[in-house]
Amino acid sequence: MKDAFGSPQSLLILGGTSEIALATARRLIARRTRTVWLAGRPSPALEDAAGQLRSLGADVRTVPFDALDTGGHEEALGKVFAEGDIDVVLLAFGVLGDQERAEAEPAEAVRIAGTNYTGAVSAGLVCARSLRVQGHGSLVVLSSVAGRRARRSNFVYGSSKAGLDAFAQGLGDALYGTGVHVMVVRPGFVRTKMTAGTAPAPLATTAEAVAEAVGTGLRRRSEVVWVPGALRPVMTILRHMPRAIFRRLPV
Amino acid sequence: MASPTGPAGTRTASVTGWGRTAPTTARLVRPGSYGEAVAAVRACGARGGIARGLGRAYGDAAQNAGGVVWDMTGLDRIRRIDAEAGVVECEAGVSLHRLMEVLLPLGWFVPVSPGTRYVTVGGAVGADIHGKNHHVAGSFTRHVRSFELLTADGAVRTVRPGTDLFDATAGGMGLTGVVLAAAVRLVPVQTSLMTVDTERAADLDDLLARLSATDHRYRYSVAWIDLLARGAATGRAVLTRGDHAPLDALPARARRSPLAFRPGRLPPAPRGLPDGLLGRRSVGLFNALWYRKAPRRRTGELQRISTFFHPLDGVPHWNRVYGRGGFVQYQFVVGHGEEETLRRVVERIAARGCPSFLAVLKRFGAGGSGWLSFPAAGWTLALDIPAGLPGLGAFLDELDEAVAAAGGRVYLAKDARLRPELVDVMYPRAPEFRELRERLDPRGVFTSDLSRRLAL
C-alpha cells in the first residue's frame, strides 16, 4: 500500500532498463519500496539493473516483456499482479528512433509508433484493469514535451508521444473515482543514453530530476508533471505559436 | 466519505481516514441487523472487508482497497441500560455522542472519551481508545464487560476479558472480526459540567514536573503544548485538568437542570480549502495567542463537557482546514524514565518548525491487556502535521527510530506511514496476533489497507 505521502511499497517498471525509471526506483527504494518488478526484454542490461536495485535492499524480480508483442501483454503482466498488489506502475519504455531513417523507411516509423504508442496503449490498459480491481495504485506514464507540438526534427517520435499523452489523459479520466490515479510526466530533454550524441535542448534535465518530480507528483497525486516545471509556461507559448514562425525556430 | 445509503445498500466509494490521505476505493455495505452483517461477511469476496464506524481513525485502518468496507453505523441500537449497576449494552455502531445524550440525564457518563465524541463503540474497542483519564482509568476496553464478535466463520461469539480473543480484539484494529455489540461499565456523575483548573507551564521541564507531581489529584488531565516555541520556551504548555462537577459546585440557576447535555456546534469548515493555510507563521501566531490567552492559573472554572473534552467537535469537518493534501497525526508513547527521548523529540519538532497547532501531551497510567493496544505507562505526545510538508516522511521515520529505541510505540489508529519493519519492535505481541488471525481467519476475510501496509 502507498503511505500517507504516496510512497509505494511495490513498483512495476515497464521498460526495466530505462534510466529514468531506474533513478525513480532508487529514489522510491530509499523510502518504502521493497518489491520491484522489472519488465523488459531479457538481456544482460535488465539483469544488471535488477542487481543494482537488489543491492539497495529491494526484492527485485524480472519479467519478460516486449512492448511490440502486444499479444503477450496480458499473460506477462497478469503474472505480476497475481503475485500481489502493485502500488505504482511506471510505464517507461520508449524509443527515440532515427528520424531520417524513419522518413526513408516507413517500417522504422511503424516500429517507433508501435513501441511508444500501440505498445503503451496495450500495456496501459492491461495494468489499468488490474489496478482497478485492487482499488488503489498509480499508473505513471512517461510522456514528453515532444508530444506537445510536432517538431520537424523528430516528429515521428513526437507524434507517438502525442498519442500516448492523449491516451494517458483519457485513461486518467476514465479511472477517476476508482481509486486508481494516472499521472502523465512530461520531461523536456533528458540527458540519458537515449539522447547521447544529440545536442541538448534548452531547459535540459536529468533522470534524477525526473525521478524527484515523480516522487513529488505521487505525494500530491498530480495529474500532470512537467520536468523542469518551467517547461509548462514555455510549452504553452510554443503550442500557440503560428506554424509559419514555429517552423523557423531552431528547435 | 459521503452520506450512507439505506439499509444494506451497496455502493462504491473512495474512502480515506480522517487525515484525508491515501484514498482507496471500496464497496460500502451498511448492515442493519446481525443477519445482514453475517451475510455481508460471508459475501465479502477475495479482497476481504473491514468494519468502519464514523471514520475518525486518522490513517488507513478503516479502508480496504478493492474490497468491502462495512459501515457499522446502521447497527445503532442501545439495548439496555442498567441504571443501578451503571452498565450499558449497545450495538457497535452507537457513537459516544449518542451515549452521552442518553446517559447523562440518567447520571452516567462514558468511562473513557477521546478528543471527539464521534467515535463508535465498535471503533472504541478496535482502537482501544484512551482519554484524559488514562492515568487513573486506563483505556476503553478495561471497562468492557463483554462484546459480541462476528468472526470469519460467520459465527457470533460472546467474548469476555481474560481470553486471547478479547486481548487480540482490544486494539486489534478490527482485524479479528466485526464487533457487533458491547456491554460497557459507566461512571456516575452528578452534573454534566466539569470543574477545571488551568495553569501554564513555562517549558518542558516545568510541564513534566507539574504533571508528575499533581496528576494523581485529577481524574482528567491534559496539556496543550506549543511545539513551535523554541529556545527557553521549548515545550511551553497549558495544562487543563479537572473532574466532574459535584451538584453543590453549580450556581443556583444551573442546579435546576444539572444533567443537561448541550454541546455547541458551529458551521462546518468549507470544502476545497487550499493547502498551506496552516503554515508555520499562521500556526505559530495561533499557538502564541493560545498560550497567552490561557490564565497563568485559574481553579474551579465550570466548563461544559463538550468544551472540556471535545473542543474540535464544535466545528464539523475541521479536518478540511488542512486542504486537499490532508494531514497526518503523529502520536507516540515512551515509558517513564525515557524523558530524555521525549525531550529530544520535542526539540527536533520545534527546531524543524513543524506547523503543528494544539499538540497534546499526556501522562499515561498502566497499559491494558490488548496485544496491539497502544497506551502504556509513560508519556504520550500527539500532533497534527500537514502531509504536504516536504521531507516529512523521512523526518517522522527518524522520530520513529528514536521512539522504538526507547521501547515506545506509535498509535496504529492514527498511523498512515509507519515503516512495517518497526511494527514488531513497537508491538512485541504482533507475532501472536498474526498467529491468532491465521488460525481464526485463514482466508484473510478481515483485511484493511493498514493490515496490508504493515503486514499485520
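**Notebook: strands, interface and salt bridges**

I began with strand β16 of chain B, which is joined to strand β18 (residues 378-386) of chain B by eight bridges, the two running antiparallel. I took two strands as paired if DSSP finds at least two bridges between them. Helices (H or I, at least four residues) and strands (E, at least two) are DSSP runs, numbered from the N terminus.

I noted for the record that this is a predicted model, in which local features need pLDDT of at least 70 and side-chain atom pairs count only at pLDDT 80 or more, while totals for chains, interfaces and linings use all residues. Residues are numbered from 1 along each chain as its sequence is written, chains are lettered from A and ligands numbered from 1 in the order in which they are written, and side-chain values use heavy atoms, with hydrogens and water left out.

**Entry 1: strand β16 of chain B**

I looked up the partners of β16(B) residue by residue. B:Val328 stands opposite B:Ile385 in β18(B). Strand β19 (residues 409-410) of chain B also pairs with β16(B), in the antiparallel sense and over two bridges. There, B:Val333 has B:Arg409 of β19(B) opposite.

I then asked how many residues of β16(B) are buried. Eight of the eight residues in β16 (residues 327-334) are buried; buried means under 20% relative accessible area, exposed over 50%, and partly exposed in between (1.4 Å probe, protein chains only). In a regular strand the side chains alternate between the two faces of the sheet. Here both faces are covered: one side carries B:Phe327, B:Gln329, B:Gln331 and B:Val333, and the other B:Val328, B:Tyr330, B:Phe332 and B:Val334.

**Entry 2: an open sheet in chain B**

I traced an open sheet of five strands in the order β5-β6-β10-β8-β9 (chain B), with antiparallel pairing. The edges are β5 (78-82) and β9 (156-159) of chain B; each has a single partner strand, so one side of each is left without a neighbour in the sheet. From one strand to the next the twist averages 10 degrees. Axes are lines fitted to C-alpha atoms, for helices over the stretch in contact, and angles run from 0 to 180 degrees between N-to-C directions.

Within this sheet, five bridges join β6 (residues 87-91) to β10 (residues 178-185) of chain B, which run antiparallel. B:Glu91 stands opposite B:Ala181 in β10(B). Helix α2 (residues 96-103) of chain B packs on the sheet and touches β5 and β6 of chain B, contact meaning heavy atoms within 4.5 Å. The direction of α2 makes about 45 degrees with that of β5(B).

**Entry 3: cysteines**

I searched for disulfides, defined as pairs of cysteine sulfur atoms within 2.5 Å, and the count over all chains is zero. B:Cys90 is buried at a relative accessible area of 0%, and B:Cys354 is buried at 0% as well.

**Entry 4: where chains A and B meet**

I found 28 residues of chain B in contact with 20 residues of chain A. The two chains bury about 1,800 Å² between them, 52% of it on carbon and sulfur atoms; buried area is the accessible area (1.4 Å probe) that two parts lose on being put together, summed over both. In chain B, the residues that lose the most area to chain A are B:Thr25, B:Arg47 and B:Arg453, together 23% of what that side buries.

Five salt bridges are counted between chain B and chain A; a salt bridge is a side-chain nitrogen of Lys or Arg within 4 Å of a carboxyl oxygen of Asp or Glu. In one of them A:Arg34 meets B:Glu421, with the closest N and O atoms 3.0 Å apart.

**Entry 5: further salt bridges**

B:Asp397 and A:Arg32 form one at 2.6 Å, N to O. This pair crosses from helix α10 (residues 392-405) of chain B to the loop between α1 (19-29) and β2 (35-40) of chain A. Are B:Asp397 and A:Arg32 buried or exposed? Both B:Asp397 and A:Arg32 are buried.

I next checked A:Glu74 and A:Arg129, whose side chains meet at 2.7 Å, N to O. A:Glu74 lies in helix α3 (residues 73-82) and A:Arg129 in helix α5 (residues 106-134) of chain A, so the pair ties together parts that are 55 residues apart in sequence. A:Glu74 is partly exposed at 45% relative accessibility, and A:Arg129 is partly exposed at 47%.
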